[in-house]
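User: Please go through this model with me by question and answer, and state each criterion when it is used.

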Amino acid sequence: MSTVMDNTKNLEKYGIKDAQVHWNLDPETLQKITVEKGMGVESENGTLAINTGKFTGRSPKDRFLVKDDYTKDKIWWGRINKPISPENFDRLRGEIVKYLSGKEIYVRDAAVCADPRYQTNVRSVTEFPWSNYFLKNMFIGLNEEELKDFEEEWLVLCAPGYECPDPKEYGIIAGNFSILDYSRKIALVGGSEYPGEMKKGIFTALNFILPVEKDVLPMHCSANVGEKGDTAIYFGLSGTGKTTLSADPNRKLIGDDEHGWTAEDTIFNFEGGCYAKVIDLTEEKEPDIYRAIRPGALLENVVFKEGTKEVDFFDSSITLNTRVSYPLDHIDNLQTPSYASNPKNIFFLTCDAFGVLPPVSKLTPGQAAYHFISGYTAKVAGTEAGINEPVPSFSACFGEPFMPLHPAVYAEMLSKKMQEAGVNVWLINTGWSGGPYGVGSRIKLKYTRAMISAILEGELDQVDYETHPIFGLHMPKYCPGVPSEILDPMNTWLQKGAYISKAIQLAHSFHINFDKFASESSEEILNGGPLIDAHHEMDHM
């Protein structure tokens, strides 16, 4: 289905004039145009590869939300959610519309949210053919009948070639920007070719609309479902194993990044595709992702082996954030359509490089809300000579950059839904054991998989638990397929005293981080944190 100029469809209602408009081109045509324009090349198996220029990732400091009567008292304004006035938004939209006028541009009519009750139509107008290709992968495709009477709820205007010449005059920081206007339902992207800005723009829109208007909890998580219809969801920051652990040969994938949990008890995928990191990718390690890289997928910022069109997945000379986007149907083991019933288990994945947290523990509802708001993982330093101390990293709700409301709003919703559905919540440490990074060793993936399998099979329902003395977490004493001595992390350290002092140090980091959420959090949530604060402990030593 490829249409060029069509008089029944024009963009003049948005102010875009005299443009040569391509509507809903098929991927083959978009790929051909991209290659012909010298904007991309085909790898040896025919997959399109492009380069995103100056930006190889999102630019969070250049993300703004329009502050008006609708949003001013709802959004959690601050470092993450920066305000821009409706007047400045209008001026920038005018600039982008003027910039796109007279150009050859590409329109994609698609949807987000797989549950038909919440499906939202999105029209995207892009300057580049491959930006349109990316959205064809990431949003949900519509059939000819649905496209015939298509009316968008949200509009995306994406002009990577436009840079604002005088940012301060327009209330922004740099020439590039990503802005959402919730009242007029428009997402603007200017000055950045990185396509993730469009994806995350629309999902930031949903992360506000769904809880405020529809009583749906938006979640930055992956999800899968077993043969008996038992759903599991996996929260976790980058590097904690979210994509790896949700790709399970015995379970069907619902989605790998963004989901909603409805009042009617379904979990649904926001997206029509996956957007996976490919640095150090091998078929053995990530078979699903590796095999999804074929015509119809779009590679970003990868490097070819010299003199060939073969991708060198280990080459990070452009960026460590090399990626591929592909439609969900590139995965064999797929839940179709991509929604399922209430989860039975929720996993919070953390890569604890301090070697302090248990490899598996069960959380009370208060602890679940506390750890959800905290969104903890640890980054391994190792970037400078002589520094091998891990650095704690907290991202509220495991997705702070995309959450426009106060984290406690999402946490209270999660807590309520968990209790109504009788869900078990587990904290899984995919990081270190036997000491911190540099001393201990990373917990084996096969053990983590065995813990998750045991939980999904109900095998940890009847075992005995003990309480962690500092974090208050409930640790199973036995788990099939896992050596019992690693279940209590203190047992794996040579010196118990060293373990305790490291655990208190991490507990203190949790308390300091949580201070900013405390005033909005209930007593139950506050009691879900570590039992021991460093100040308190030092007084008694």
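Analyst: A disulfide is here a pair of cysteine sulfur atoms within 2.5 Å. This is a predicted model, in which local features need pLDDT of at least 70 and side-chain atom pairs count only at pLDDT 80 or more, whereas totals for chains, interfaces and linings use all residues. Residues are numbered from 1 along each chain as its sequence is written, and side-chain values use heavy atoms, with hydrogens and water left out.

User: How far is the sulfur of C397 from the closest cysteine sulfur, and how many disulfides does the rule give?

Analyst: The closest cysteine sulfur to that of C397 belongs to C221, and the 12 Å between them is too far for a bond. C158 is likewise in no disulfide, the nearest cysteine sulfur being that of C164 at 16 Å. By this rule the number of disulfides is zero.

User: Is C158 buried or exposed?

Analyst: The classes rest on relative accessible area, computed with a 1.4 Å probe on protein chains only: under 20% is buried, over 50% is exposed, and values in between are partly exposed. C397 has a relative accessible area of 1% and is buried. For C158 the relative accessibility is 3%, so this residue counts as buried.

User: Which strands stand at the edges of the open sheet of five strands, and why is one side of each left without a neighbour?

Analyst: Helices (H or I, at least four residues) and strands (E, at least two) are DSSP runs numbered from the N terminus, and two strands pair if DSSP finds at least two bridges between them. The order in this open sheet is 2-3-17-20-16, with mixed pairing. Because each edge strand has a single partner strand, one side of each is without a neighbour in the sheet, and these edge strands are strand 2 (40-42) and strand 16 (273-277).

User: Which residue in strand 3 stands opposite V41?

Analyst: Strand 2 pairs with strand 3 (residues 48-50) in the antiparallel sense, over three bridges. Within strand 3, the residue opposite V41 is A49.

User: At about what angle does helix 3 run to strand 20?

Analyst: Axes are lines fitted to C-alpha atoms, for helices over the stretch in contact, and angles run from 0 to 180 degrees between N-to-C directions; contact means heavy atoms within 4.5 Å. Helix 3 (residues 129-138) lies across strand 3, strand 16, strand 17 (298-300) and strand 20 (323-327), and its angle to strand 20 is about 60°.

User: Which residues does UniProt list for "binding site"?

Analyst: The annotation comes from an unreviewed entry, and UniProt annotations, given in the numbering used here with shortened feature names, may be inferred rather than shown by experiment. The residues in the record are R58, Y194, K200 and R323.

User: Is K200 buried or exposed?

Analyst: K200 has its place in helix 5 (residues 196-214). Leaving aside neighbours within four places in sequence, K200 is in contact with R58, H220, D257, E258 and F402. R58, by comparison, is found in the loop between strand 3 and strand 4 (63-66) and is partly exposed at 29% relative accessible area. At 10% relative accessibility, K200 counts as buried.

User: Why is strand 26 largely enclosed by the rest of the structure, and which residue in strand 26 is the bridge partner of F347?

Analyst: Five of the six residues of strand 26 (residues 424-429) are buried, so this strand is largely enclosed. Strand 23 (residues 360-363) pairs with strand 26 in the antiparallel sense over four bridges, whereas strand 22 (residues 343-350) pairs with strand 26 in the parallel sense over six bridges. The bridge partner of F347 in strand 26 is W426.
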